[in-house]
Amino acid sequence: MTGSTNNKHERHGAGWKRIPSMSLRNRMAFYYTVTTAFLLAVVFAAILLMVDRIVYIHFDEELRHEVAETLEEAHVKGQAFVGFESFRCIDGTEEELDEYKQRGKKKDADSEFIQVVDSTGQMVRKSVNLSRNLLTFNPAYSGVRYFNSFVAGEPVRQVQVPLVNSKGIADAYLIIAVPMKSAMIILLDLQNIMLVSFPAVILILFILTRAIAGRSIRPIEEVIATAEKMTQASLDQRIPMPHNQDELYRLSATINALFDRLQDAFQREKQFTADASHELKTPLAVVKGTLDVLVRKPRDIVHYEDRIRYCLDELNRMARLIDQLLMLARYENDTKNPNIVKVEISESLHSVISRIELLALEKQISIRLENTPSGTVAADPAMLEMMLENILSNAIKYSPAGSSIEIATSRRAVHLVCTITDHGVGIPEEKLQKIFDRFYRVDESRSSSTGGFGLGLSIVRKLADLQHIGISVSSTRNTGTTFELTFPAL
Ligand code: ADP
């Protein structure tokens, strides 16, 4: 990852706190590994505990079996413990004693140890393999108890069983123990294997996760690389789309769409600057050329007056253009917020009509207010009048002398709708959508001859957007044009 990762922030309490930088792929690998390490530790511990438990269950089972067998043998031999050198066969024959002795000798150190103690803990009898050792007796245990102990320093599992006489009193205890050394070694080995394998597994996991995370976030690297390469001059760069239609695919698509919009906006800005400078250059060149010609030789006063008036007209056009450009810039940058209040539509219309009356009179165009437009709308009064003035002056500009313009208001559901209809040249259908674009003129020659720059309607559209007024236009060539303003509900 690049330097951009150095600015990583972490939400901490109410504010943003800087944390030491760690690349996204390392962080993903780290969190994944920590979680897995925790789970693995729990699983390993559970396995160890279970194996431990199973081992003891088996030992206890074996001890239970040994106790049963020993008691059975004792019963068979009339309460005597036979088969061990230190035991005396009470009721058995000498042959039987020999047989048990042979069997007892076979018992090596790994077989069970048997010992009988009296109620005071004094050893009564014990198996040969115990030799000099004794099994631990615990007088506190009244019932059958299984516990761990040691014989000659080796671990054993032991059971202590009270031997109850006919009166129901425990006058002796049978203690049997089995060696646990080999089981303990296995348990210890298992524990060691787990302890050694745990960090190894975690390390391998971290390396693998880091590699996988790196692969998964490669499209992000491409986003960063593309964005870094992007300059105003190379806005046509796009992020290659990943194959899988996942979140990264959506991210790439969203960023590419953003780049499209940016490129569009830059293109429009470039076009706007080019158009604006072109429009300003023309009257400037005209004025300069006229003055250049004028100073070359003396001329009569009428000629001077005519040329100066011509220059003044051009300068006035320039001033109008600059005014419109400034207005657009102000509204485009949203530095001028609309001051929305309740406005009586008829008042705005009357005030606009009184301002453009002269223009209409020059062409003997009558402006008719149909059904006495009335109604209150939510708008910025100055902005609304500017919109109406632009639309009405266009209607006058593009209508033949002697025609009429009708203004009407009506209600459409909760909206007040104001229509301005003229009977002029009209606008071809395919150009209707473009008339709101900056510097767009349907008929260049006619429009510039009437003094238009193609900015009036783009200002109207901007003002309408700012006040949430809907604007639409319908037109028929050589029949007329109707502009419709739909005001937001009050
Ligand atoms: P201009 O200042 O050139 O009139 P506008 O932005 O006001 O610029 O209008 C853009 C174009 O839309 C004009 O050049 C004109 O061709 C066309 N237009 C606008 N209003 C009308 C209308 N009422 N009748 C016919 N054409 C119109």
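Two strands count as paired here if DSSP finds at least two bridges between them. With that in hand, take the open sheet of 5 strands ordered β4-β3-β7-β6-β5, where the pairing is antiparallel. Keep in mind that this is a predicted model. The protein chain has 490 residues, of which 38% count as buried, and it carries 10 helices and 14 strands. Take contacts between residues at least 6 apart in sequence: 61% of them join residues at least 24 apart.

**The antiparallel sheet**

- The order to remember is β4-β3-β7-β6-β5, an open sheet with antiparallel pairing. Its edge strands are β4 (123-126) and β5, each pairing on one side only. From one strand to the next, the twist averages 25°.
- Strand β3 (residues 113-118) pairs with β7 over 6 bridges, in the antiparallel sense. If you want a spot to look at, Gln115 stands opposite Ile175 in β7.
- Strand β6 (residues 154-164) is mostly covered, with 9 of its 11 residues buried.
- On one side, β6 is joined by 7 bridges to strand β5 (residues 145-151), and the two run antiparallel. Phe147 has Gln158 of β6 as its bridge partner.
- β6 is also joined to strand β7 (residues 170-179), this time by 9 bridges, again running antiparallel. Here Val164 has Ala170 in β7 as its bridge partner.

**Turns in that sheet**

- β5 and β6 make a hairpin with 2 residues between them, and Ala152 in the turn has a positive phi of about 50°.
- The hairpin of β6 and β7 has 5 residues between the strands, and Gly168 takes a positive phi near 85° there.

**The mixed sheet**

- Another open sheet has 5 strands in the order β9-β11-β12-β14-β13, and its pairing is mixed. At the edges sit β9 (366-369) and β13 (470-476), each of which pairs on one side only. Neighbouring strands are turned by 15° against each other on average, ignoring direction.
- β9 and strand β11 (residues 404-412) run parallel and are joined by 4 bridges. Within this pairing, Arg368 has Glu406 in β11 as its bridge partner.
- Helix α7 (residues 345-362) lies across β9, β11 and β12, and runs at about 170° to β9.

**A closer look at Thr419**

- Which strand holds Thr419? Thr419 belongs to strand β12, which spans residues 415-422.
- Is Thr419 buried or exposed? The cut-off for buried is under 20% relative accessible area, and Thr419 has 19%, so Thr419 counts as buried.
- Leaving out neighbours within four places in sequence, Thr419 is in contact with Glu406, Ile407 and Ala408, and also with Thr482, Phe483 and Glu484.

- As background, most residues other than glycine have a negative phi.
- Ala413 is not a glycine, yet has a positive phi of about 55°. This residue, Ala413, lies in the loop between β11 and β12. Because exposed means over 50% relative accessible area, Ala413 counts as exposed at 72%.
- Phe439 is also a residue other than glycine with a positive phi, near 65°. You will find Phe439 in the loop between β12 and α9 (444-449). With a relative accessible area of 8%, Phe439 is buried.

**The α5/α6 pair**

- Helix α5 (residues 247-296) packs with helix α6 (residues 301-332) at an angle of about 165°, and their axes are 10 Å apart.
- Angles over 145 degrees count as roughly antiparallel, so α5 and α6 are roughly antiparallel to each other.
- The crossing of α5 and α6 is left-handed. Sorted by class, the contact of α5 with α6 has 18 nonpolar, 2 polar and 4 charged residues.

Note on methods: Residues are numbered from 1 along each chain as its sequence is written. This is a predicted model: local features need pLDDT of at least 70, side-chain atom pairs count only at pLDDT 80 or more; totals for chains, interfaces and linings use all residues. Side-chain values use heavy atoms; hydrogens and water are left out. Buried means under 20% relative accessible area, exposed over 50%, partly exposed in between (1.4 Å probe, protein chains only). Contact means heavy atoms within 4.5 Å. Axes are lines fitted to C-alpha atoms, for helices over the stretch in contact, and angles run from 0 to 180 degrees between N-to-C directions. Angles under 35 degrees count as roughly parallel, over 145 as roughly antiparallel, 65 to 115 as roughly perpendicular and the rest as oblique. A crossing is left-handed if the near helix is turned anticlockwise from the far one by less than a right angle, and right-handed if clockwise. Ala, Val, Leu, Ile, Met, Phe, Trp, Tyr, Cys and Pro count as nonpolar, Asp, Glu, Lys and Arg as charged, and the others, Gly among them, as polar.
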